[in-house]
Amino acid sequence: MGGFAGWHHNAVARLEEQGEARLICTCDPQAAAFAAQQQSWHLAQRGVRVFEDYRAMLEACHRELDLVVVPTPIQLHSEMHAAVTALGIPVYLEKPPTLDYAELEQMITNDRRSPKASLVGFNFIIEPQRRALKQRLLAGEFGALRAATLSAFWPRPAEYFQRNNWAGRLLLNDRVVLDSCFGNALAHFVHNILFWTGAPDLASWGQIAAVRAELYRAHAIEGADTFFTEADTTSGVTMRFALSHACSGASTHVETVLCDNATIRYVVGGTIEIRWNDGRVDTMPFENFDGLVENHRDYYRYLRGESPRPATTLVDCRPFVTLNDLAHISAGQITMLGADRVTAIRDEKEQKEYLAIAGLSSAVERFIARGEWPSASGWPRPPGDVVTPADLPRLYETVRAMAAARPQVP
Ligand SMILES: NC(=O)c1ccc[n+]([C@@H]2O[C@H](COP(=O)([O-])OP(=O)(O)OC[C@H]3O[C@@H](n4cnc5c(N)ncnc54)[C@H](O)[C@@H]3O)[C@@H](O)[C@H]2O)c1
């Protein structure tokens, strides 16, 4: 009921008002702590049964369910997805499905027990403007696709990493979590870049051939809060990703797709621009829509047999999970940036503390535009290794070694 699950409750309540869904049951181990929310969602009036254990909920209610939404901590996704699909019920699973490539394979196998595929809730794949542009890209209108880049900054105050027991963690009870800006908070945009680079169909994602990465942290957390990652797809497209939580000011993100005849600049919630090499510029305002409600609607259409597939299936997540795992394996270590490179900024209005890496914007610009690594301009680490999917089995030893070298975790 808490965190993003609350947003799902709001979305489902809206859809229920419009006769498009009916909530049968819900659960939270601390259900009583959400008394006020339960009232505002009118759970009692709507006849929604409330449980503290999801297994008891499934046992009692499974015959009535067409789908189950799983918006819980990442490390619970696979066991909950397994329990639901074992009953033949598909799942609306929050992103990321898991950040462990081997667990993803098990989940793909489990998903086949349900007659309908599960959806992974990457919000932006259903955007009509994104889909229309990708169709034009696939039709060759912009010339051959050469590269795609993402720069994304989302300042997070120190308290963000203390909000639950898994924030910023690499491992929990020796299980892979890998919570980070790349794997979690900004994962949507990483998955979007893979969507741009996927061919031959609209529902294709770029397949990973090789990855190189440098991982840094400003916060005293187990995982990384800043990623510089470069990857080649099997079709020879180069992708660069620069992401950070260790910054201050406004959140920004820009997806860029470079083709022979034009460059597309796509900002979710902002503007979409096509810069043609002959000097023309087409600008389109971003058509806002309620992403969560529309993702529910899109998935219901699929479950009713009115559309051929969910926007993102578990199989479609292989490139994302592979890329995230290989970024860790390539980097081999998470480099703690010292006081000389990190500035503490207090936002008096918010009453929150931010840690910002000095020179981050220019480092990101040089990396995105020219592929220049921070380590080449003095950031204190050696370059990452070039790794390929054959290196994936090294994930566990890498992550354990990173966790063993963690700073004092608050
Ligand atoms: N699609 C998006 O835009 C978006 C945005 C934010 C978060 N998310 C995703 O949503 C998921 C949850 O993230 P969060 O930050 O809200 O996490 P969170 O730690 O706040 O947990 C969400 C809720 O799950 C509940 N929970 C914990 N254990 C449970 C259990 N055993 N059974 C039932 N409920 C349980 C918690 O009590 C909490 O209320 C993650 O996968 C995250 O990436 C998606």
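A crossing counts as left-handed if the near helix is turned anticlockwise from the far one by less than a right angle, and as right-handed if clockwise. This is a predicted model, where local features need pLDDT of at least 70 and side-chain atom pairs count only at pLDDT 80 or more, while totals for chains, interfaces and linings use all residues. Residues are numbered from 1 along each chain as its sequence is written, and side-chain values use heavy atoms, with hydrogens and water left out.

First stop: select residues 318–331, helix H10, and residues 395–404, helix H12. Their axes come within 9 Å and cross at roughly 60° (axes are lines fitted to C-alpha atoms, for helices over the stretch in contact, and angles run from 0 to 180 degrees between N-to-C directions). That makes H10 oblique to H12 (under 35 degrees is roughly parallel, over 145 roughly antiparallel, 65 to 115 roughly perpendicular, the rest oblique). H10 passes H12 in a left-handed crossing. Now show side chains: Asp325, His328 and Ile329 in H10 meet Leu395, Thr398 and Met402 in H12, contact meaning heavy atoms within 4.5 Å.

Next, pick helix H6 (residues 128–138) and helix H8 (residues 187–196), packed at about 30° with axes 10 Å apart. H6 and H8 are therefore roughly parallel to each other.

Last stop: the ligand. Which residues come nearest to it? Gly2, Phe4, Asp28, Lys95 and Asn184 do, out of 24 around it. Zoom in on Lys95: one of its backbone N or O atoms lies 2.8 Å from an oxygen atom of the ligand. For Trp166, a side-chain N or O atom is 2.9 Å from a ligand oxygen atom.

Conventions. Helices (H or I, at least four residues) and strands (E, at least two) are DSSP runs, numbered from the N terminus. A residue is near a molecule or strand if one of its heavy atoms lies within 4 Å of it. A polar contact is a pair of N or O atoms within 3.5 Å; within protein, one must be able to donate a hydrogen and the other to accept it, and residues adjacent in sequence count only if both atoms are side-chain atoms.
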